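Please read the following note with the sequence and the model open beside it.

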Amino acid sequence: MNGARGDAGVRTAGALVLALPKGRVMEESLAALRAAGLRLEPRGAGRALSYDAGDALVIEMRNADVPTYVELGVADAGVVGKDVLMEAGSRLAEPVDLGLAACRLSLIRPRGATTMVERVATKYPRLTAAYLGRIGSGAEVVKLTGNVELACLTGLADAVVDVVQTGGTLRDNDLEEVDVIAHSTARFVVNRASLKLRSDRLRPLIEALRRQPGAR
Ligand code: PRP
């Protein structure tokens with residue numbers, strides 16, 4: 001894939017390129033985009049990382065990579081959690097709060113833990129460091145990339161900062177939410193150049209997404 005703006009290897013003439021996060025937000029994102037009028041076919045079987053969905057070319061990636069693809073113009077727009085945007089320090093245009101994938105970023109500890117927090121594991125080191133600074137904690141921050149709660153269970157860290165959505169992971173692992181650091185929902189983000197150059201496609205889509213129930 002060529003990283004130059006507007007010259008990505010996955011681009012096809014005229015097609016909008018959408019960066020969408022793999023996993024549980026993917027289907028909800030596609031449903032919101034379809035409800036806003038985009039004709040988006042489901043991906044076929046197999047492991048293709050990008051596919052022509054009809055009205056757009058969909059490229060799939062880990063949610064933490066969505067801001068980079070949109071910022072650099074490989075994708076015209078994307079869907080990503082506010083938690084990820086805050087961690088990335090993103091300055092992307094966020095014209096729509098889709099209201100999807102509502103979750104919170106929380107400090108989590110083994111149930112009943114009372115010792116001082118000395119080490120915190122997280123996928124969100126910037127937000128965690130800022131939070132620890134606000135509460136006057138000198139705890140060390142350790143960066144992990146997934147299954148962060150495991151750090152608490154194994155003693156790698158005495159607390160973690162991670163996403164809580166249904167609370168199922170906490171319940172199943174005898175962990176508790178000690179403090180809520182931030183709230184997050186999925187946002188529709190757009191590349192600023194695309195917003196100007198492809199306003200005929202993006203402006204009506206943004207307006208239609210804003211009219212969806214729960215969106216603003
Ligand atoms: C997220 C998060 C928690 C879990 C919380 O992980 O890191 O582990 O979901 O959701 P719950 O409250 O509904 O149980 P995800 O499944 O996205 O995978 P990851 O840890 O590999 O990022």
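Are Arg 198 and Asp 76 buried or exposed? Both Arg 198 and Asp 76 are buried, where buried stands for under 20% relative accessible area, exposed for over 50%, and partly exposed for what lies in between, with a 1.4 Å probe and protein chains only.

1. Basis of the note. The model is a predicted one, in which local features need pLDDT of at least 70 and side-chain atom pairs count only at pLDDT 80 or more, while totals for chains, interfaces and linings use all residues. Residues are numbered from 1 along each chain as its sequence is written, and side-chain values use heavy atoms, with hydrogens and water left out.

2. The pair of Arg 198 and Asp 76. The structure holds 13 salt bridges, a salt bridge being a side-chain nitrogen of Lys or Arg within 4 Å of a carboxyl oxygen of Asp or Glu. In one of these, the side chains of Arg 198 and Asp 76 meet with 2.9 Å from N to O. This pair links distant parts of the chain, 122 residues apart, with Arg 198 in the loop between helix H7 (192–197) and helix H8 (199–210) and Asp 76 in the loop between helix H2 (66–71) and strand S4 (77–81). Helices (H or I, at least four residues) and strands (E, at least two) are DSSP runs, numbered from the N terminus.

3. The pair of Glu 94 and Lys 82. A salt bridge also joins the side chains of Glu 94 and Lys 82, at 3.1 Å from N to O. Here Glu 94 belongs to strand S5 and Lys 82 to helix H3 (residues 82–88), and the two are 12 residues apart. Glu 94 is partly exposed, because its relative accessible area is 27%.

4. The pair of Arg 216 and Asp 97. Arg 216 forms a salt bridge with Asp 97, and their closest N and O atoms are 3.5 Å apart. Arg 216 lies in the segment after H8 and Asp 97 in strand S5, so the pair ties together parts that are 119 residues apart in sequence. The two partners can be set side by side: Arg 216 is exposed, with a relative accessible area of 66%, whereas Asp 97 is buried, with a relative accessible area of 9%. A network of salt bridges links Lys 82, Glu 94, Asp 97, Arg 187 and Arg 216.

5. A positive surface patch. Lys 22, Arg 24, Arg 47, Arg 62 and Lys 123 form a positive surface patch. Patches are made of residues with over 30% relative accessible area and no salt bridge, like charges being joined within 9 Å and nonpolar side chains (Val, Leu, Ile, Met, Phe, Trp, Tyr) within 5 Å.

6. Backbone angles to check. Most residues other than glycine have a negative phi. Ala 101, although not a glycine, has a positive phi of about 55°; Ala 101 lies in the loop between strand S5 (93–97) and strand S6 (103–110) and is buried, with a relative accessible area of 15%. Asn 147 has a positive phi of about 45° and is not a glycine either; Asn 147 is found in the loop between strand S8 (140–143) and helix H5 (150–154) and counts as exposed, at 65% relative accessibility.

7. Cysteines. How many disulfides does the count come to? The count comes to zero disulfides, a disulfide being a pair of cysteine sulfur atoms within 2.5 Å. The sulfur of Cys 103 is too far for a bond because the closest cysteine sulfur, in Cys 152, is 18 Å away. Cys 103 is buried at 12% relative accessibility, and Cys 152 is buried at 8%.

8. Separations along the chain. Pro 110 is placed in strand S6 and is partly exposed, with a relative accessible area of 28%.

Conventions
Areas by Shrake-Rupley, 256 points an atom, 1.4 Å probe, with all protein chains shown as cover. Lys, Arg positive; Asp, Glu negative; His and termini not counted. Charge placed at Lys NZ, Arg CZ, Asp CG, Glu CD.
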